[in-house]
Amino acid sequence: MSTRRWVMAERPHGKLETHHLDLVDAPREAIGDGEIEIETIFVSIDPTTRLWMSDVSQHAQPIQLGDPIRSFVWGRVSASRNKRHREGDMVFALGAWESFTRTRHATAIPKSHALPLSAHASVLGLTGLTAYFGMLDVGRPQAGETVVVSAAGGAVGSVAAQIGRILGCRTVGIVGSEAKAAKIVREYRLDAAVSRQGDLSAALAAACPSGIDVDFENVAGPVLDAVMEHINPGARLVLCGMISAYESDGVWPANVVRPLLMKRARLEGVLISAYFNRLQEGVEALAGWVKSGEMRWDVDVLNGIERAPEALQRVLSGANIGKQLVQLAPDPWA
Ligand SMILES: NC(=O)c1ccc[n+]([C@@H]2O[C@H](COP(=O)([O-])OP(=O)(O)OC[C@H]3O[C@@H](n4cnc5c(N)ncnc54)[C@H](OP(=O)(O)O)[C@@H]3O)[C@@H](O)[C@H]2O)c1
């Protein structure tokens, strides 16, 4: 049996097009000592994958021509020569858009909380956990404060915004359209949501009459510039992502320095990799909120590895609600 994988055929500059990627069949190589093979059930579709396709300075090595398209995968151990993982175990690992992944480093997913594997790949997965640690460790919102979250309909943003609400804050989402704004207010029970099309600064002024205390920033660029016009003294800005720059070869927007000084505000980056030794703490808290009904979780699933590029295009155009996944095999815990 072979593995089907997407590789980078041509480096994208600007919009990701199908000719930048090739779907290839490759032989499955035998695993070495200490390795496992994972049969992919869910491929995580992340905007960061588009950033990895650009040859710019970033937190990971850019993907090179001919390389598999790197991403996290959730799946079943199909072969193991590693003492920590047995055949049949569920794990997640850094892999690629492919049907089988070989690796030495995977994290076991205990069957817990009676939730499907798709929940472990979304709200309890790395994106939900990024929202959790970014909000609680870096943003530290206090009840009664105003929290703003950009890309608030996405995998990280939808969880971050609901945490703001759960902690008793006035919570306002920013998204790409009025229709999505209305939808997330209703479904995630936010106080307000505004579209970044149009006069975002005026919309934020109306939605945040007491100013902004915490900004959970997924977009940056003009969205962050508009937020900065309304921050309160001592505001905390959680810089989680800069999706507005990912299709422009990482020309990073940086027009934020002046308000940081004038408002004595703090802008701090968050990377989930810094929390890998605390993941379980976040999983327990998020699962508690899911089970009590306080936290809604959405997955947007396309079936078949062939659809991975389309799935990433959905994310980059804002067509997704919640976590975008590509599913290759039935969810064993559904
Ligand atoms: N720091 C970390 O460890 C970490 C971990 C995971 C993710 N992240 C970052 O968190 C952010 C969100 O990731 P995610 O996984 O939640 O994404 P997602 O679910 O894939 O959603 C991304 C959303 O961003 C919005 N968007 C897309 N392109 C945009 C653009 N050019 N300008 C403005 N908005 C745009 C879209 O919604 P609307 O257009 O409706 O707003 C889209 O639905 C990304 O920046 C990602 O890199 C960081």
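Visitor: Which helices supply at least two residues of the shell around the ligand?
Guide: Helix 1 (47-52), helix 3 (126-139), helix 4 (155-166) and helix 10 (308-317) each do. Helices are DSSP runs of H or I, at least four residues, and strands are runs of E, at least two, numbered from the N terminus. This is a predicted model: local features need pLDDT of at least 70, side-chain atom pairs count only at pLDDT 80 or more, and totals for chains, interfaces and linings use all residues. Residues are numbered from 1 along each chain as its sequence is written.

Visitor: Which helix gives the largest share of that shell?
Guide: Helix 4, with 3 residues.

Visitor: How many residues surround the ligand?
Guide: 29, and the closest are Gly154, Val156, Gly176, Gly241 and Gly318. A residue counts as near if its C-beta atom, placed from the backbone, lies within 6 Å of the molecule.

Visitor: Why does the shell lie between the domains?
Guide: Domain 1 (2-122 + 298-327) and domain 2 (126-273) both give residues to the shell, so it lies between them. The domain bounds come from an automatic or database assignment.

Visitor: New topic. How far apart are the domain centres?
Guide: 27 Å separate the centres of domain 1 and domain 2, taken over C-alpha atoms. The contact takes 20 residues from domain 1 and 15 residues from domain 2. Contact means C-beta atoms, placed from the backbone, within 7 Å.

Visitor: What gives the most to domain 1's side?
Guide: Helix 1, with 3 residues on the side that touches domain 2.

Conventions:
Two residues are in contact if their C-beta atoms, placed from the backbone, lie within 7 Å.
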